[in-house]
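This report examines a protein model part by part. Please keep the sequence and the structure in view while reading.

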Amino acid sequence: MKLTFLGTGVAIPQANRVQSGILIDTGRKPLLLDCGSGVLNRINDSGNDHTSIEHVVLTHLHLDHVSDLLCLIKANWLCGKTDISLYGPAGTESYLNKLLDAYSYMKDKVDIQINELIPGKSYIIEDTGCTINSVRGIHSVPSLSYRVDTDSGSVVYTGDTEPSTSIMQLSNGADCLIHECSFPPGFETTNHTNPDMLAEMLDSNPPGCNEIYLTHLYPHMQGHENESLEILRKHFHDRVKIAEDLMEIIIKKKK
Ligand SMILES: [Zn+2]
Ligand SMILES: [Zn+2]
């Protein structure tokens with residue numbers, strides 16, 4: 001499975017990091033996780049064709065995770081691709097309907113299937129080779145953390161959240177955990193994660209996964225990357241890394 005970090009940043013702009021987006025490619029149809037501002041261009045930058053994206057999974061409806069969603073749907077429509085399936089937490093359908101009310105000229109042009117997901121339930125995403133499962137995140141709005149299982153490996157993507165035992169349980173046996181790490185060590189936060197909070201969680205609930213990538217970095221993290229990694233390496237040795245936009249990783253199933 002190839003995973004491409006399209007966007008590793010947040011709502012505040014910064015050099016080299018656009019808002020949230022991850023592309024999963026198993027050699028079949030790709031699966032896009034989140035679609036924040038800048039992600040549509042990053043799909044192009046990564047050498048992928050935006051019209052190949054028929055399945056988009058949303059962690060939650062904050063702007064930095066959905067801003068480019070309608071832009072993607074419109075770009076696909078302009079290129080003759082009108083169908084797309086969306087998967088997200090409760091509220092996704094009414095959000096999309098309101099969005100299409102505001103851009104009513106698109107309403108009859110596109111065919112959008114919306115699936116609101118129930119945490120703890122597995123869903124096979126047709127044609128992608130991916131099965132997804134979720135748990136609730138700890139965030140200011142309804143939010144899901146996902147596990148994506150494929151024949152060639154599995155990955156957990158937290159979206160926005162504080163560390164949680166249910167996410168650690170979801171990560172058991174996964175090959176890779178992509179955990180948000182919004183703020184630097186010592187920065188007090190709720191609804192998000194800093195390295196101290198994540199280290200504490202890893203201490204009491206070591207996940208049974210191969211590696212951890214940190215994403216969703218606020219500008220506050222600039223200059224604190226090594227310090228953050230040091231804190232987490234105490235718990236996860238050299239298997240913790242900071243994600244960068246357009247970084248590609250090949251995930252191999254654990255033997
Ligand atoms: Zn959020
Ligand atoms: Zn966010």
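What spacing do the donors of the zinc ion (ligand 2) follow along the chain? They follow D-H-x94-D-x55-H.

## Basis of the report

This is a predicted model, in which local features need pLDDT of at least 70 and side-chain atom pairs count only at pLDDT 80 or more, while totals for chains, interfaces and linings use all residues. Residues are numbered from 1 along each chain as its sequence is written, chains are lettered from A and ligands numbered from 1 in the order in which they are written, and side-chain values use heavy atoms, with hydrogens and water left out.

## The site of zinc ion (ligand 2)

The protein donors of the zinc ion (ligand 2) are Asp64 (OD), His65 (NE2), Asp160 (OD) and His216 (NE2), at 2.1 to 2.2 Å from the metal. Donors are N, O and S atoms within 2.8 Å of the metal (3.2 Å for Na, K and Ca); water is not among the atoms, so sites may look incomplete. The angles among the four donor atoms run from 92 to 163°, and the site is irregular. Four donors count as tetrahedral if all angles lie between 85 and 135 degrees; four count as square planar and six as octahedral if opposite donors are over 155 degrees apart and all others between 65 and 115; anything else is irregular. For comparison, ideal angles at a metal are 109.5 degrees for four tetrahedral donors.

Asp160 bridges this zinc ion (ligand 2) and the zinc ion (ligand 1), which lie 3.6 Å apart. Asp160 lies in the loop between β10 (153–157) and α5 (165–171), and His216 in the loop between β12 (211–215) and α7 (225–236), so the pair ties together parts that are 56 residues apart in sequence. Helices (H or I, at least four residues) and strands (E, at least two) are DSSP runs, numbered from the N terminus. Asp160 is buried, with a relative accessible area of 1%, and His216 is buried as well, at 2%. Buried means under 20% relative accessible area, exposed over 50%, and partly exposed in between (1.4 Å probe, protein chains only).

## Thr161

Thr161 is found in the loop between β10 and α5 and is buried, at 0% relative accessibility. The side chain of Thr161 reaches the backbone nitrogen of Ile138 at 2.7 Å. Contacts of Thr161 (heavy atoms within 4.5 Å), not counting residues up to four places away in sequence, include Gly137, His139 and His179.

## The seven-stranded sheet

An open sheet of seven strands has the order β6-β5-β4-β3-β2-β1-β14, with mixed pairing. Two strands pair if DSSP finds at least two bridges between them. β6 (111–116) and β14 stand at the edges, each with a single partner strand, so one side of each is left without a neighbour in the sheet. The twist averages 20° from one strand to the next.

Strand β1 (residues 2–7) has five of its six residues buried. Five bridges join β1 to the antiparallel strand β2 (residues 21–25), where Ile22 is the bridge partner of Phe5. With strand β14 (residues 248–250), β1 pairs in the antiparallel sense over three bridges, and Glu248 is the bridge partner of Thr4.

## Residues with positive phi

Most residues other than glycine have a negative phi. Asn191 has a positive phi, near 70°; Asn191 is found in the loop between β11 (176–180) and α6 (195–204) and is partly exposed, at 23% relative accessibility. Leu246 also has a positive phi, near 70°. Leu246 lies in the loop between β13 (240–242) and β14 and is partly exposed, with a relative accessible area of 33%.

Conventions: A polar contact is a pair of N or O atoms within 3.5 Å; within protein, one must be able to donate a hydrogen and the other to accept it, and residues adjacent in sequence count only if both atoms are side-chain atoms. Axes are lines fitted to C-alpha atoms, for helices over the stretch in contact, and angles run from 0 to 180 degrees between N-to-C directions.
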